[in-house]
Amino acid sequence: MPKMLARVVVLVCLPCAAVAQPATPVEKWTGKTILLIGAHADDDAQSHGTLAMLQAQKNDVYIVTLTTGNVGTQDPQLSRSQLAQIRRQEELDALAVLGIPAEHYINLGYDDGLLEFEDRKAVVEKLVFFIRKLRPDVLFAFDPGKRYQRWHKSDHRAAAYLAADAARAAMWRLLFEGHILQDGLKAHEIPEYMLYDGAEEDMNTWVDISSTLEKKLTASTRYVSQWGPGWQNYKGARLSPEEEKESKDRARQRVRMREGKPVEGFRHYKGLPDSIGK
Ligand SMILES: [Zn+2]
């Protein structure tokens, strides 16, 4: 694109991005039900500052993770079932640091790495069930993309589309109507979305996480089998004080800063789920 044209596009798009930000800043949200859908234990970690803040402000935060994380290790000694148990405990330990109750963590039990090859209708139905049961005001999910499809890690690609598909299906009472006829649930339209891990240029909302940064960094040290020495040689759930400090320092270096403040970035969208991708 010629430079001049690029400048015009940026100028034209800036006001659109501003309009898409939440009318009430995320830092002031209270009394909402928040649902995050991810593929793996730790996919919620890039939103941990925001989630800890929301939980502290009397919002109810729930995490639905699609897979057990039972494949991603370089430690030759770990079995799939051991890894699934480790990943569950790591997630619960991280959520405890954030103040999110253990009973707000829901794992759907799919195998790590092959999510997109599962029966999509069955996965969407399970997600729709939890959307109708929890009735979130806001859905946090992988950004399924705004402008065009691009390649992402398989499970993340699948989770992005499955979450968007489930949000759409949940609002139609004649889809999966067993939930309504048999389970006493009602159709639910999620009005607002915070889409994470998207393209930087699509992000329109930067949440100030100054108040919860330390919790986010401490929570990151709980993923010993993913982000710590346990990735290659798992020895247990707790790091030594020196290892924990190193791990926190590394996490601190990855934190995004804007105008001198630590932030987490999202594409905020409000409206019918049909237009999440627009
Ligand atoms: Zn992941």
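Q: What should I know before I start?
A: This is a predicted model, where local features need pLDDT of at least 70, side-chain atom pairs count only at pLDDT 80 or more, and totals for chains, interfaces and linings use all residues. Residues are numbered from 1 along each chain as its sequence is written.

Q: How many helices and strands are in the protein?
A: Helices (H or I, at least four residues) and strands (E, at least two) are DSSP runs, numbered from the N terminus. Here there are nine helices and eight strands.

Q: How does the radius of gyration of the protein compare with that of a compact globule?
A: The radius is taken over C-alpha atoms, and the globule rule is 2.2 Å times the number of residues to the power 0.38. For 278 residues the rule gives a value near 19 Å, and the protein has 19 Å, which agrees. Its C-alpha trace spans about 55 × 50 × 40 Å along the principal axes.

Q: Is strand S1 largely enclosed or open?
A: A residue is buried if 20 or more other C-beta atoms lie within 10 Å of its own, exposed if 12 or fewer, and partly exposed in between, with C-beta atoms placed from the backbone. In S1 (residues 33-38), five of the six residues are buried, so the strand is largely enclosed by the rest of the structure.

Q: Which strands pair with S1?
A: Two strands pair if DSSP finds at least two bridges between them. S1 pairs in the parallel sense with S2 (residues 60-67) over six bridges, and Ile-37 stands opposite Val-64 in S2. From S1 the chain crosses through helix H2 (residues 48-56) to S2, a right-handed β-α-β crossover; right-handed means that, with the strands pointing away from the viewer, the path from the first strand over the helix to the second runs clockwise. S1 also pairs in the parallel sense with S4 (residues 138-142), over three bridges, where Leu-35 stands opposite Leu-139.

Q: Which residues touch the most other members of the largest nonpolar core?
A: Such a core is a set of buried Ala, Val, Leu, Ile, Met, Phe, Trp, Tyr and Cys residues joined through C-beta atoms within 7 Å. The largest one has 61 residues, and Leu-127, Leu-139, Ala-141, Ala-159 and Ala-163 touch the most other members. Its largest share, nine residues, comes from helix H5 (residues 154-170).

Q: What does Leu-127 touch?
A: Two residues are in contact if their C-beta atoms, placed from the backbone, lie within 7 Å. Not counting residues up to four places away in sequence, Leu-127 touches Ile-37, Val-64, Leu-162, Ala-163 and Ala-166.
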